[in-house]
Protein chains: 2
Amino acid sequence: MQKGKRHVSLKDLAQELGVSISTVSRALNNHPDISPDITQKVKKLAVELNYTPNPLAMGLLKQATRMIGVIVPDLVTHFYSSIISGIEAIAEEKGYYILITSSGESLQKEIKAVENLLKTRVEGLIVCLSQETKTFEHFDKLIQNNIPLVFFDRVCRTNEVSTVVVDNVQAAQKITKHFYDSGSRRIAYITGPKYLNISQERAMGYMAGLKKCKLKFYPELLEKCNLSTKDAMKATARLLDLPEPPDAIFGINDTVVFAAMKEIKRRGLRIPEDVALVGFTDDFHSTVVDPALTSVTHPTFEIGKEAARLFFKSIENQEKETEQIVLKTKLVVRNSSVKRS
Amino acid sequence: MQKGKRHVSLKDLAQELGVSISTVSRALNNHPDISPDITQKVKKLAVELNYTPNPLAMGLLKQATRMIGVIVPDLVTHFYSSIISGIEAIAEEKGYYILITSSGESLQKEIKAVENLLKTRVEGLIVCLSQETKTFEHFDKLIQNNIPLVFFDRVCRTNEVSTVVVDNVQAAQKITKHFYDSGSRRIAYITGPKYLNISQERAMGYMAGLKKCKLKFYPELLEKCNLSTKDAMKATARLLDLPEPPDAIFGINDTVVFAAMKEIKRRGLRIPEDVALVGFTDDFHSTVVDPALTSVTHPTFEIGKEAARLFFKSIENQEKETEQIVLKTKLVVRNSSVKRS
DNA sequence: AAGGTTTGCGCAAAGGTTTGCGCAAAGAAA
DNA sequence: TTTCTTTGCGCAAACCTTTGCGCAAACCTT
């Protein structure tokens, strides 16, 4: 072994033991052709010299890098970072590494991210679409070449690609019914970009919930925004400026709901007495605000874990079989939604 | 090119053009030995066939993987995820990829993370220590082998390793003085594990601030907790149970401050009239709570960027020179700290 | 025309690991 | 003793890219 060399190679072990490189390799891999005596000596020396195989060499030969590319709309939102935690947990169990890239909610950046990650020879991708993503050709290369691909939360091509989502229809329906049961009668929903699966499904759940409670659907109570705090505050303002403003609002994600909360408070309105509020928000952030937010929580860690499991299923199972996993959300009632009767 | 092969190689280009592999390589790298005619043909075909060089082969040959290992105490805290964003931004500019691992605030997991990342042949590490980390031998291999290593926020070995931190002394001193100027007289500080540099430095700043305001230091007003919500609530309870409770509290990080806020509210005390509050918290989370939190914000994105810049400096500059970057924090006064006079 | 220089390529080695195949030695069977 | 089978290794090729060196052809100079 050369002085100053950072890593021990098979060659170093072979030279020290006076055997060939292939013998060392076979011994470390418990090959039956190698005697127990040589095997034991090789393994002992490998431990002493702290040998670790070079993944670059193995990846080059076997065309398998043990790396997964993960693309999320942004890195700083708790929702995504806790999903990544779940992905990482399963990847680590399988001896894989994840390469994380953020699309910054931009289609162009997402396209670039896909390209760059393929360049690194990741074995596949786990992706949540950006809010701008309406076209999906950038995933064609993966689909055509049978490169493992899994979408989570915001998904597309569900007939060709495995996905993990929550039951958005049911969640929005539950919220709407909870509002009704808690005394609200003019229920508004602030949705996101209309081509996102989650926007559509939550709108469907909202309307199903209205129907179930025998409430009429008013189009002006279904507002849209682009998932930024600023735009969400504007959407809330439009709702509160209506001749007959809503007495309950739920929003598509936590950024939107916190923005709505700010606008409601800014106007001196009381939550929930004047306007009840529910959000899709994690437990920590729901309890940090005042009043504590009634929220629908995603099992984010589970989403990440299931996405990773689907990924490994795709690797271990060369068939083009796809699977759609739908996880349940949970409505946790706190202080923001129940009006005093 | 073989059917079903996912990536085009130099060999494929060479065969199609009837030249050698080395000619293709040289043409793509604008080598003067290759004629402009051949160079143009090679480049054109490379674009047509979407050739991308195999980073595994290059990494194997040049012993440079273009990958940086990043270890953070956890992935879901906004502080870390936004620092990672800054690291990623600079890495991307340099054509590098980051491999992120979380230590889960555990020394054992941190040790494992260092090992695992070195196994992948990352070119170096950018690390924030876990709260359990009191011993640093697991970084010796990097230091001895001149493998690039940068610490941020929670740091150690500052004579041997480059670091990026904020001016913790000055920040805590500023908070203490701000409390005094805003009407508070019994100022408490909830610190973290005492061997962390940030715990020590913020305690020093707290005491320097007391001295500056001619306030006496009371040991019972310097509480300690272990950075979990539960423990922080207990620490707050101990402070509020004192015969003479504090009329102002600041905490080591946002988890601690949010927990303190919860405990204060739980007791029906008013913020800031009964107990003023200041935290080390980002802008978004400070404005989401009620009352909006006076906070010291870290320039997290900048921390990430500077850490990455130090990393690349270490790569480009083989000297064992280290550098300590100290960034300024900013005290943003909102509604949680100023008592009515 | 002969000798020297420049140009423009191809061969082969290097990095590290895995694995098919061949070979020699040892052991077993006829 | 001879032949067959098994054991336990080493050689070399494969994966992909880069780069030193050599060689042949073309061009320039004497």
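**Asking how we know**

Student: Why does B:Cys128 count as buried?

Tutor: Its relative accessibility is 0%. Buried means under 20% relative accessible area, with over 50% called exposed and anything in between partly exposed (1.4 Å probe, protein chains only). Since 0% is under 20%, B:Cys128 is buried.

Student: What kind of model is this, and how are things numbered?

Tutor: It is a predicted model, where local features need pLDDT of at least 70 and side-chain atom pairs count only at pLDDT 80 or more, while totals for chains, interfaces and linings use all residues. Residues are numbered from 1 along each chain as its sequence is written, chains are lettered from A and ligands numbered from 1 in the order in which they are written, and side-chain values use heavy atoms, with hydrogens and water left out.

Student: How many disulfides are there over all chains, and what makes a pair of cysteines count?

Tutor: A disulfide is a covalent bond between the sulfur atoms of two cysteines. The test is a pair of cysteine sulfur atoms within 2.5 Å. By this rule the count over all chains is 0. The sulfur of A:Cys128 has its closest cysteine sulfur in A:Cys156, 11 Å away, so it is too far for a bond. B:Cys128 is in no disulfide either, as the nearest cysteine sulfur, in B:Cys156, is 11 Å away.

Student: What makes a contact between B:Ser20 and DNA strand C polar?

Tutor: A polar contact is a pair of N or O atoms within 3.5 Å; within protein, one must be able to donate a hydrogen and the other to accept it, and residues adjacent in sequence count only if both atoms are side-chain atoms. An N or O atom in the side chain of B:Ser20 is 2.7 Å from a phosphate oxygen of DNA strand C, so the pair qualifies.

Student: How many residues surround DNA strand C, and which are the closest?

Tutor: There are 28, and the closest are A:Leu10, A:Ser22, A:Ser25, B:Thr23 and B:Ser35. Each counts as near because one of its heavy atoms lies within 4 Å of the strand.

Student: How many residues take part in the contact between chain A and chain B?

Tutor: Contact means heavy atoms within 4.5 Å, and 48 residues from chain A and 47 from chain B take part.
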